[in-house]
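This report describes the model shown below, beginning with the contact between its chains and then turning to helices and local backbone features.

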2 protein chains.
Amino acid sequence: MRDVYHEQLGQLVDRLAGMSRMVSESMERATFAISESDLDVACHIVADHARLEQAWSDAEHYAFAILALQSPVATDLRVVLAAIHATKSLARMGSLTVHMAEAVQRRHPHPVVPQLLMPRFAEMGRIAIWLAAMAGQVIVTRDLTFARTLATVDEEMDDLHRTLFTVIDYQEWAYGTAAAVDVTLLSRLYERFADHAVSVARHSTYAVTGRPSFDDVAVATSR
Amino acid sequence: MRDVYHEQLGQLVDRLAGMSRMVSESMERATFAISESDLDVACHIVADHARLEQAWSDAEHYAFAILALQSPVATDLRVVLAAIHATKSLARMGSLTVHMAEAVQRRHPHPVVPQLLMPRFAEMGRIAIWLAAMAGQVIVTRDLTFARTLATVDEEMDDLHRTLFTVIDYQEWAYGTAAAVDVTLLSRLYERFADHAVSVARHSTYAVTGRPSFDDVAVATSR
């Protein structure tokens, strides 16, 4: 039974790692679609979302089945609960990239982000892609140092999100109200995406530390 | 052991019902702080957040303990998993009201919402307060009809959020870019709050239906 459990757990981890790859790729495409106002890529992200939701649904069912059939306790239980948390967060990260794609669709053929802010969004995209991929690594390795690195890099994302308001508020903003609203919402989607990646990493290491690290999670959630 | 389990489960449900009351009250205060630009009330919401986070942490620990000690299966397992989901969503709803309070603090003594939009935000607040309270009712009763009513009412919230962009985009907007950004982010906080309430209700009835109702959840999450 222990062998069956560990085999099933390994398969669950594989599914989650696959989901984090899908989410990282979707973020890469979303950032490209924003920077190039590429309608095809945006539509592709929206259409592809069903595949991610299926992966989510499958992984969650699989985790529930392990709980019901193996009744794991202690560390084993924590690993499965962390996996259930990860499925939800990864699905949500996918949804956030869909929202980005929809913003591109809505403004096409006009760019959703003014040229002035493009380097800022390219940087947010770079960080987000990396965080999603690293969250997958932490799911597999449960490496605490990795998880802490994610939290540190997430601070860069928070800084970028926070300072955007300064640009819109005080500098000469020549792009109109609608553009200000667009970039604010987009920036918030990047910031939430990053928070979810950190949350996945923290929950995955909770299996190792034995603490749900609510403080950490609270910080990630309430920001 | 079954008796112990049901007693513990009853206590868990009580904790969640208490959390949903706290969250509904916090939303009521946030909406008041927005409408009256009341700094004291805003500060009170922020200060009170620690109490909600403690309730969240306690409820989640309690649910984990039930899983570990009782190893519930089938419906019992689903009830505990739904409870774990509810703790996270309710904690997040509380965080969203804190973000609202912070927006009031940031703009004080100026109102964060222009007079023109105040009735719209009062209505969003009314819906949000009701949804949070009703989510608590569904946790206790697991009543499917209630859960469906929440989803229907949430559509009103979505309409209010969606049509806000029309006001900012096309009508004469005399309040400046910063105000447009503020109301957009605020409106999104209300909309997310409502989504989480619906998600709590749907997960709570999943224990009855035996289906995690991923489709429903996906809709709530991706909106």
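## Contact between the chains

Two residues are taken to be in contact if their C-beta atoms, placed from the backbone, lie within 7 Å. The model is predicted. On that criterion, chain A contributes 29 residues to the contact and chain B likewise contributes 29 residues. On the side of chain B that touches chain A, at least two residues each come from α2 (39-70), α3 (74-107), α5 (144-170), α6 (176-209) and α7 (214-222) of chain B. The largest share, 7 residues, is supplied by α6(B). Sorted by class, this side of chain B holds 17 nonpolar, 7 polar and 5 charged residues.

## Symmetry of the copies

Chain B is superposed on chain A by a rotation of 180° with 0.0 Å of shift along the axis, at an RMSD of 0.0 Å. This is the relation of a two-fold axis. Of the interface residues of chain B, 100% are also interface residues in chain A, so the copies meet through the same surface.

## Packing of α1 and α4 in chain A

Helix α1 (residues 2-36) of chain A packs against helix α4 (residues 118-141) of chain A at an angle of about 175°, and their axes are 8 Å apart. Angles over 145 degrees count as roughly antiparallel, and α1(A) and α4(A) are therefore roughly antiparallel to each other.

The residues of α1(A) that meet α4(A) include A:V13, A:L16, A:A17, A:S20, A:R21 and A:E28. Among their counterparts in α4(A) are A:M118, A:F121, A:G125, A:I129 and A:V140. By class, the contact of α1(A) with α4(A) comprises 16 nonpolar, 6 polar and 2 charged residues.

In chain B, α3(B) has 34 residues and spans 51 Å from its first C-alpha to its last, close to the 50 Å expected at 1.5 Å a residue. The helix is mostly covered, with 24 of the 34 residues of α3(B) buried.

In chain A, A:Q105 lies in helix α3. A:Q105 has 15 other C-beta atoms within 10 Å and is partly exposed. Leaving aside residues up to four places away in sequence, A:Q105 touches A:L39 and A:A42. A:Q105 and A:R162 are 57 residues apart in sequence, and their C-alpha atoms are 26 Å apart in space.

## Cis peptide bonds

The peptide bond from A:H108 to A:P109 is cis, with omega near 10°. A:P109 is placed in the loop between α3 (74-107) and α4 of chain A. In chain B, the bond from B:H108 to B:P109 is also cis, with omega near 10°, and B:P109 lies in the loop between α3 and α4 (118-141) of that chain.

## Positive phi values in chain B

B:S37 has phi near 45°, a positive value in a residue other than glycine. B:S37 sits in the loop between α1 (2-36) and α2 of chain B. With 16 other C-beta atoms within 10 Å, B:S37 is partly exposed.

B:R142, which is not a glycine, has a positive phi of about 50°. The position of B:R142 is in the loop between α4 and α5 of chain B. B:R142 is partly exposed, having 19 other C-beta atoms within 10 Å; a residue counts as buried if 20 or more such atoms lie within that distance.

Notes. Residues numbered from 1 in each chain as written. Chains lettered and ligands numbered in written order. Predicted model: local features only at pLDDT ≥ 70, side-chain atom pairs only at ≥ 80, totals over all residues. Helix = DSSP H or I, 4+ residues; strand = E, 2+ residues; numbered from the N terminus. Nonpolar A, V, L, I, M, F, W, Y, C, P; charged D, E, K, R; others polar. Axes fitted to C-alpha atoms, helices over the stretch in contact; angles between N-to-C directions. Parallel < 35°, antiparallel > 145°, perpendicular 65-115°, else oblique. Least-squares fit on C-alpha atoms with pLDDT ≥ 70 in both. Expected span 1.5 Å × (residues − 1). Buried ≥ 20, exposed ≤ 12 C-beta atoms within 10 Å, placed from the backbone.
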